[in-house]
There are 2 protein chains.
Amino acid sequence: LERLGTVAIVGVGLIGGSIGLALRSRGLADHILGVGRSQSRLDEACRLGAIDEATTDVTRAAERSDVVVVCTPVDRIADDVLLAAATGRTSLLITDAGSTKRELVERVERNERARQAFVGAHPIAGSERQGAAHARADLFIDRACVLTPTARTPTDLVRRARCFWSNLGCRVVEMTPVAHDRALALTSHLPHVAASALASTIPAELLPLAAGAYRDGTRVAAADGTLWTAILVENRHSVCESVAKLQDRLRQFQAAIQAGDEPALRRLWEEGRSRRLEFEAAGN
Amino acid sequence: LERLGTVAIVGVGLIGGSIGLALRSRGLADHILGVGRSQSRLDEACRLGAIDEATTDVTRAAERSDVVVVCTPVDRIADDVLLAAATGRTSLLITDAGSTKRELVERVERNERARQAFVGAHPIAGSERQGAAHARADLFIDRACVLTPTARTPTDLVRRARCFWSNLGCRVVEMTPVAHDRALALTSHLPHVAASALASTIPAELLPLAAGAYRDGTRVAAADGTLWTAILVENRHSVCESVAKLQDRLRQFQAAIQAGDEPALRRLWEEGRSRRLEFEAAGN
């Protein structure tokens, strides 16, 4: 294990807080600096042991750090990366935990200094709950983390980012920012849109007749609307394509149900069932 | 508690097995007869303590019983009810656990003797798992059970059916068969179709990048395809209407995402979120 000196975590919510707890429980860093805009949330992260020290100033934190991890909402990440890069040492590694990558990597790469310091990352872990209060040191264990370096990212920086995330417990994979956004539109953004749409399609007065299928199918609809609005807008092109694919599939179901076509329905059902069982067989 | 004499459970899978275990653990019946077509499944139900005795003959079982509960797949329930009614005593109560009600109640009511013995029921509890091995004595506790008597169902029979299901732990409500099928198309059948459609929309090669939202959103896609084909076909009119409602909602999401309309997206998201939180607040 490559021991880190000072790590600054920008944004101490569920993800940032979990990174702090994981760094600490694994003894990976000498000092953990929490950066945020809300003093009460910083105080909570301190109290929970996710950070050692709190500040509201990204640039001052970056000056003192060996690694900066940006865990703010996707529409604020590029700004925070640029601020950290502006004052950080030349050896600074900046990474992030954003759910979309293409737009923010493009913005970061327009700045020479930021381009030399940044490796985009997306640890695929989370919860519909928010805040450091729900943070867990084991949140990243065996979760995939997608790194999205480009042809312009220094090789040694990619190696350090790989180390950082795998030391937290992640299975690290590499993809281009575009490939990442297309994949996640299907594997994560679409299931969120589907959960939200399903949640509101059932009228309130029928909720007493809803059970397990509704409960599980709508769990992530409880996630934060501001965070998810930003994700869906940042990745709008791929998300729209994914929603269209789900709509196609629903139309196939509808046609088979309307026609009472049992062989077609059984075939549609089995395709979904075998995909689900394949997912379960992989240890999920 | 009104103690029952002999109860015959026709179909000893997850639901039938759970009824047996609940009757036994609550001491509600003198004798529990299991009826099925597969000797190995009957043996398993005996071994698990869900039934006292097994038989493959519905009519012989009905002759000896005070209550017959039919827990076979929805496309077999009406036949089993008619068989039980043909040989049962005049005091026999027949009820069922089917997920759809309109078609089967209509078929049963065409027979005078069955009409005098049958009260349709749907305990809203279950699992994507099948078989008595997954049965649980507490499956029905605090679950809604919809009774669907008609104007022709004897009042005292409805009272006895109410007792039977509430003694298993259910919150009993009454609805017409048509109202039941419309409601469940939204609260249960639609979430199942959505889960199945979502499961197969994600290509197999991207499954390693799927996490919690996919896992929860597709859980019930693992359910049995033959059972669900029968349910969707029996309730095809209402299920098609429900799928159309979900599609409308997805179109609204799509339009807002495409336009990058953040206020509209936030509004759509909040509607789903508040419905979900209302569901959670009711103790789910």
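Visitor: How many disulfides does the structure hold over all chains?

Guide: Let us begin with the general idea. A disulfide is a covalent bond between the sulfur atoms of two cysteines. In this structure, which is a predicted model, there are 0 disulfides over all chains. Cys170(A), for instance, takes part in none, and the nearest cysteine sulfur, which belongs to Cys145(A), is 4.6 Å away. A pair counts as a disulfide within 2.5 Å.

Visitor: Is Cys170(A) buried or exposed?

Guide: One reads this from the relative accessible area, and a residue under 20% counts as buried. Cys170(A) has a value of 7% and is therefore buried. In chain B, Cys240(B) is likewise assigned 7%, so that cysteine is buried too.

Visitor: How many residues of chain B are in contact with chain A, and how many of chain A with chain B?

Guide: To read an interface, one looks at which residues of each chain touch the other. Here 85 residues of chain B are in contact with 86 residues of chain A. Together the two chains bury about 7,800 Å², of which 67% is on carbon and sulfur atoms.

Visitor: What salt bridges and polar contacts does the rule find across this interface?

Guide: The rule finds 4 salt bridges between chain B and chain A. In one salt bridge, the side chain of Asp216(A) meets that of Arg219(B), at 2.1 Å from N to O.

Visitor: Which element gives the most residues to the side of chain B that touches chain A?

Guide: That element is H11(B), with 16 residues. Sorted by class, this side of chain B has 45 nonpolar, 20 polar and 20 charged residues.

Visitor: Which residues is Thr187(A) in contact with, leaving aside its neighbours within four places in sequence?

Guide: The contacts are with Ile202(B), Leu206(B), Leu209(B), Ala210(B) and Tyr214(B).

Technical notes
Residues are numbered from 1 along each chain as its sequence is written. Chains are lettered from A and ligands numbered from 1 in the order in which they are written. This is a predicted model: local features need pLDDT of at least 70, side-chain atom pairs count only at pLDDT 80 or more; totals for chains, interfaces and linings use all residues. Side-chain values use heavy atoms; hydrogens and water are left out. Contact means heavy atoms within 4.5 Å. Buried area is the accessible area (1.4 Å probe) that two parts lose on being put together, summed over both. Helices (H or I, at least four residues) and strands (E, at least two) are DSSP runs, numbered from the N terminus. Ala, Val, Leu, Ile, Met, Phe, Trp, Tyr, Cys and Pro count as nonpolar, Asp, Glu, Lys and Arg as charged, and the others, Gly among them, as polar. Buried means under 20% relative accessible area, exposed over 50%, partly exposed in between (1.4 Å probe, protein chains only).
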